[in-house]
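Here is a short briefing for a first look at this protein. Please read it alongside the sequence and the 3D view.

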Amino acid sequence: MNKLEFLKTRLNVFAGDLFGGVNSAVIALPQALAFGVATGFGAGAGIWGAIILCLVSGILGARVPMISGITGPVAIVIASFMHALNKDISSVIFIILMAGLLQLLLSMTKLPDVVKYVPYPVISGFMNGVGAIIIIMQLNPLIGLKPFSNTVESIKNLFLTLHFVNPAALALGVGTLVIVFFTPKFISKFVPAQIIALIVCTLVSMKLGLNVEKISEISAALPQIHLPHTTLHNFIAYFHYSIMLAIVLSSETLLTGLVTNSITKQVSSPKSLLIPQGIGNMLCSLTGCLPGAAATMRTVAAIKTGAATRIAAIISAVVLLLCLSIFSGFVAEIPLPVLAGILIKIGYDIIDFKLLKVLKYAPKDDKYVLAVVFFLTVFYNLIAAVGAGIVLAALLYAKRLADKATITQTVIYDKDIRKMERSVEQSFKHKIRVVHINGQFFFGSATQLVAQFDEMLGTKYLILVYDSDAELDISAIFALEDIIVRLKAQHIKILLVINNNQIREQLVQHDIVTQVGENHIFYDELAAIDYAKGRLKRKLDRRH
């Protein structure tokens, strides 16, 4: 590559990072404002937290873009701390400092690898719970009233609060919901609906002089560093809070990392993800800002717009800083019902409709885990919910294995077929490959298996043979879907060999058969091999 081509490539990469950074900042702005107000820290703390975290992750983080800032789960945790500690912000800031330090310590261990083994129903139940909490907690601000401190109080007083509706606030709130839910995609593709709602509804409020609560005050000045005043007693009393926050912050970042790795086909180590987040969150605490994590929605938006490196995170921070400096007067006029409407849309987006649509086909065990995690998240405690979900999933899986434990005679896999597979691969120059999924394909093995299908260079037909009789759980089904998408992106035809009617029925229910094609599902491996050989020979005959 000559210098001109190298320069052109670098400019294209920078252009992608520029557009990706700007797009993610536009998405982050209303969310940071809304979460800042919802936690009780204030809108400025939300934006400055996003700026600090994006800068740190852009300078110290993994090569891939990781757009960071406060997210739904983090906001819920911080709000619960504020309620538990009677809005003692200084104590919450100390908790954030300890959580950032714990993230650094966590990055030096093997514990972050455990996130790969968290069952999908646990993650889905948690995210659905967080989405429900955000929606329930914002019903009061939407109609112009103060929010309750928890979901139970909000639900108990739901009908009582309807007698005290502020009509102007309700009108703005409903207007915001209409914009964020019904803006056509060809418009929101270029300008996010949340930004449109923020600008339009704020201008309406300003022009009509509506009597509604507003942000009122936001500082564009650089936050000052202050060391928190604390004692050993506070350290002991608040340590469990910091552990809870560190787990939520780290889990969100690691899950975003998994999504980013899947999209970019690059591998970022947990250490490279957690160290900048830990340092960034410690800086957030020292400056009185809200902590955060790598946000999946913002990161994916940046990558889809063209971002390829961590420069996009720095650009996102710079754009947020410019918005804060130039438009601080306008930001102060933003009505709280508008932010409530935006948060309700965020809560809705967090809900895992992908799983809910196929829930009736899911195994009963997955439904039990999902329900337990969801209800504990909404009505009790986020970390207890995840812990209970993981334990329940493990126990139910152990029970399934125990129930299947029988003394049976097994036939060792035919060596001649193994030789024949190798012969087919070699004679067709690996245009045909045969891959066996041996053992149980469940949440523990699904993530590991997906990573093995990243590169199948030269392959035209991949014959995937599922040897086990064990039914697939939701994690395995979604992993199989991911494998199919990856292989299709590499223009590889997939042939599935399934000799169990129950598993075949599962694939029909979850539309896997539709994605692969009915004629690409086989009971017998030899039939699949003959099909692939025949298709390749026909293509060669046509060329000649």
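Of the protein's 544 residues, 50% count as buried. Buried means under 20% relative accessible area, exposed means over 50%, and partly exposed lies in between (1.4 Å probe, protein chains only). This is a predicted model: local features need pLDDT of at least 70, side-chain atom pairs count only at pLDDT 80 or more, and totals for chains, interfaces and linings use all residues. Residues are numbered from 1 along each chain as its sequence is written, and side-chain values use heavy atoms, with hydrogens and water left out.

**Overall build**

- The protein has 26 helices and 6 strands. Helices (H or I, at least four residues) and strands (E, at least two) are DSSP runs, numbered from the N terminus.
- Among contacts with a separation of 6 or more, 83% come from residues 24 or more positions apart. Contact means heavy atoms within 4.5 Å.

**Nonpolar cores**

- The largest nonpolar core has 92 residues. Such a core is a set of buried Ala, Val, Leu, Ile, Met, Phe, Trp, Tyr and Cys residues joined through side-chain atoms within 4.5 Å.
- The residues with the most contacts inside this core are Leu-33, Phe-41, Ile-47, Ile-78, Phe-81, Val-92 and Leu-245.
- Helix H2 (residues 43–60) gives the most to the core, with 10 residues.
- Phe-41 has contacts beyond its neighbours within four places in sequence, including Ile-78, Met-82, Val-92, Gly-288 and Leu-290.
- In soluble globular proteins, nonpolar side chains tend to be buried together.

**The second largest pocket**

- This pocket has a volume of about 1200 Å³. On a 1 Å grid over the protein atoms alone, a pocket is an open set of points where a 1.4 Å probe fits, with protein on both sides within 12 Å along at least five of seven lines. Grid points are joined across faces, edges and corners, and the volume is the space filled by probe spheres set on the points.
- The pocket is lined by 50 residues, and the closest to its centre are Ala-38, Ala-79, Met-137, Phe-148 and Ser-149. Lining residues have an atom within 4 Å of a point.
- Elements that give two or more residues to the lining include helix H1 (3–39), helix H5 (120–137), helix H12 (232–264) and helix H19 (364–379).
- H3 supplies the largest share of the lining, 10 residues.
- The lining divides into 33 nonpolar, 13 polar and 4 charged residues. Here Ala, Val, Leu, Ile, Met, Phe, Trp, Tyr, Cys and Pro count as nonpolar, Asp, Glu, Lys and Arg as charged, and the others, Gly among them, as polar.

- Thr-256 lies in helix H12. Thr-256 counts as buried because its relative accessible area is 1%.
- Not counting residues up to four places away in sequence, Thr-256 touches Met-66, Ala-294, Ala-295, Thr-296 and Thr-299.
- Ser-250 is also in helix H12. Ser-250 is buried, at 2% relative accessibility.
- The side chains of Ser-250 and Gln-103 are joined by a polar contact of 3.4 Å. A polar contact is a pair of N or O atoms within 3.5 Å; within protein, one must be able to donate a hydrogen and the other to accept it, and residues adjacent in sequence count only if both atoms are side-chain atoms.
- Leaving aside neighbours within four places in sequence, Ser-250 is in contact with Gln-103, Leu-106 and Leu-274.

- Ala-62 sits in the loop between H2 and strand S1 (68–69). Ala-62 is buried, at 11% relative accessibility.
- Ala-62 and Ser-269 are 207 residues apart in sequence and 8.0 Å apart in space, C-alpha to C-alpha.
- Ile-123 lies in helix H5. Ile-123 counts as partly exposed, at 24% relative accessibility.

**Positive phi values**

- Most residues other than glycine have a negative phi.
- Asn-86 has a positive phi, near 55°. Asn-86 is in the loop between H3 and helix H4 (89–107) and is exposed, at 68% relative accessibility.
- Asp-511 has a positive phi, near 65°. Asp-511 is in the loop between helix H24 (501–509) and helix H25 (512–516) and is partly exposed, at 44%.
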